[in-house]
Each structure stands twice: as structure tokens, then as C-alpha cells.
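Student: Please walk me through this one. Keep it brisk.

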Amino acid sequence: QSSMDDLRARLDKLAQQMAKLETTSQTIQPGGSAFRSTDPGSGPPPTPDVLYNSALRDYTSGNYPLALQEFLEYRRYYASTTLASNAQLYIGDIYYQQGQFEEAVQEYDKAMEEYPDGNKTASAQLKKGFGLLNQNLRPQGVQELNSLIQKFPNTPEGQLAKDKLASLPPEPPGRRSTAR
């Protein structure tokens with residue numbers, strides 16, 4: 001598992017380097033995005049690497065509306081690529097960052113359902129659990145985190161789930177959850 005994660009990280013880095021090279025040779029729209037409208041007549045979508053890296057850049061710079069649009073376009077055109085599960089996770093993260101926890105939980109569910117073997121499944125489940133807790137849905141959040149610990153016990157996400165469960169305040173008397 002560790003060597004697979006290392007390999008994925010190296011491939012992601014290589015893809016980013018290639019996208020930088022491609023980006024320098026492509027015309028970028030005003031606003032710094034490689035995103036192009038998908039209206040008829042606007043031409044083909046950007047290549048997967050260009051679109052993904054543009055979306056990631058916009059996400060990391062806090063331009064969530066544009067990043068959301070780009071990640072949705074990435075999923076629309078490149079749903080079967082190795083980075084599609086990452087794009088789906090980032091869609092959930094954008095909603096989460098904006099405090100839209102219900103939408104975030106729905107997007108994390110999509111990541112887990114559509115990419116059960118993706119490299120972001122554990123992250124999606126962890127963040128879904130956090131999103132449920134942020135909605136004051138403690139029993140569901142606790143259940144999700146416990147499920148994550150069972151599925152991914154020796155992962156950083158599993159440890160974060162354990163830490164979160166350990167840090168939760170006790171429930172008021174008479175409301176004790178059996179999921180813990």
C-alpha cells in the first residue's frame with residue numbers, strides 16, 4: 001500500500017510537471033484559467049492534465065467557484081481517469097470549505113460509490129464523517145468514522161478518525177450512542 005501511494009504521488013507530480021509544460025504552450029483565458037466554456041462551437045475541452053491542474057491551482061488559491069466548475073468539467077469529460085476520484089473529492093472539499101456540509105457529504109458519498117477502489121476513498125469517508133458531525137448528526141458521524149476505522153485501520157485517515165472520536169465530548173445522559 002505504501003509503495004502504491006508513493007507511485008501515485010510520483011505519477012501525480014509527473015502529471016503536474018507535464019501540465020505545466022502544456023500550459024505554457026496553450027493560450028490561457030483572462031483570469032488565469034485553462035477552463036473553456038463547453039458551449040457548442042467553443043472547441044474541445046482542455047486536456048485532462050491541463051484541466052485538472054488548472055482546477056487544482058484555482059482550488060489552492062481559494063477560487064472555489066471556478067475550481068468547482070473545472071472539477072465538474074473534469075468529471076464530465078474524464079470520469080474514467082485515475083484523477084477522477086481526486087476531482088470528486090475536491091468537489092466535496094469545496095463545499096466543505098464553504099460550510100455547506102450537507103452538499104459536501106453528498107459529494108463524498110459519490111466519491112466512495114463511484115470510485116470504491118480509488119486512492120481517495122478513505123479520505124472521502126473521513127471527511128464525510130466530519131461533515132456529518134458538523135451538521136450535528138453525531139450518531140451518523142460516529143458510525144461513519146467507526147466504519148472507516150474498520151475498513152482502513154492502518155491509514156492516516158483511520159488514525160484521524162480515532163483521534164476525532166477520542167476528542168468528542170461525552171454525550172448528555174440518556175443520549176449515549178451505541179455506535180461508539
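Tutor: One term to start: a crossing is left-handed if the near helix is turned anticlockwise from the far one by less than a right angle, and right-handed if clockwise. The model is predicted, so local features need pLDDT of at least 70 and side-chain atom pairs pLDDT 80 or more, while totals for chains, interfaces and linings use all residues. Residues are numbered from 1 along each chain, and side-chain values use heavy atoms, without hydrogens and water.

Student: How many helices and strands are in the chain?
Tutor: Eight helices and zero strands. These are DSSP runs numbered from the N terminus (helices H or I, at least four residues; strands E, at least two). Along the sequence the pattern reads α-α-α-α-α-α-α-α.

Student: What share of the residues counts as buried?
Tutor: 40% of the 180 residues. Buried is under 20% relative accessible area, exposed over 50%, partly exposed in between (1.4 Å probe, protein chains only).

Student: Now helices. At what angle do α5 and α6 pack?
Tutor: About 155°, with axes 9 Å apart. Helix α5 covers residues 101–114 and helix α6 residues 121–134. Axes are fitted to C-alpha atoms over the stretch in contact, with angles from 0 to 180 degrees between N-to-C directions.

Student: Why are they called roughly antiparallel?
Tutor: Angles over 145 degrees count as roughly antiparallel (under 35 roughly parallel, 65 to 115 roughly perpendicular, the rest oblique). So α5 and α6 are roughly antiparallel. Their crossing is left-handed.

Student: Which residues in α5 meet α6?
Tutor: In α5, F101, V105, Y108, D109, A111 and M112. Their partners in α6 include T121, A124, K128 and L132. Contact means heavy atoms within 4.5 Å.

Student: And where does α7 come in?
Tutor: Helix α7 spans residues 138–151. The axes of α6 and α7 come within 7 Å and cross at roughly 160°. Therefore α6 and α7 are roughly antiparallel too. This crossing is left-handed. Residues in the contact include L126, F130 and L133 of α6, and V142, L145 and L148 of α7.

Student: Switching to rings. How many aromatic pairs are there?
Tutor: Eight, from a search of the whole structure. Rings of Phe, Tyr and Trp (its six-membered ring) pair if their centres lie within 6.5 Å; planes under 30 degrees apart are stacked, over 60 edge-to-face, the rest tilted.

Student: What kind of pair do F71 and Y90 form?
Tutor: A stacked one, 5.1 Å centre to centre, with 10° between the planes. F71 lies in helix α3 (residues 64–78) and Y90 in helix α4 (residues 84–97), so the pair ties together parts 19 residues apart in sequence.

Student: Are those two buried or exposed?
Tutor: F71 is buried, at 0% relative accessibility. Y90 is buried as well, at 19%.

Student: What about Y74 and Y78?
Tutor: They form a tilted pair, 5.4 Å centre to centre, with 50° between the planes. Both lie in helix α3, four residues apart, about one turn of the helix. Y74 is buried at 2% relative accessible area, and Y78 is buried at 15%.

Student: Which residues do ring pairs link into a cluster?
Tutor: Y52, Y59, Y64, F71, Y74, Y77, Y78 and Y90.

Student: Last one. Where does S80 lie?
Tutor: In the loop between α3 and α4. S80 counts as exposed, at 74% relative accessibility. The C-alpha atoms of S80 and E114 are separated by 10.0 Å, though these residues are 34 apart along the chain.
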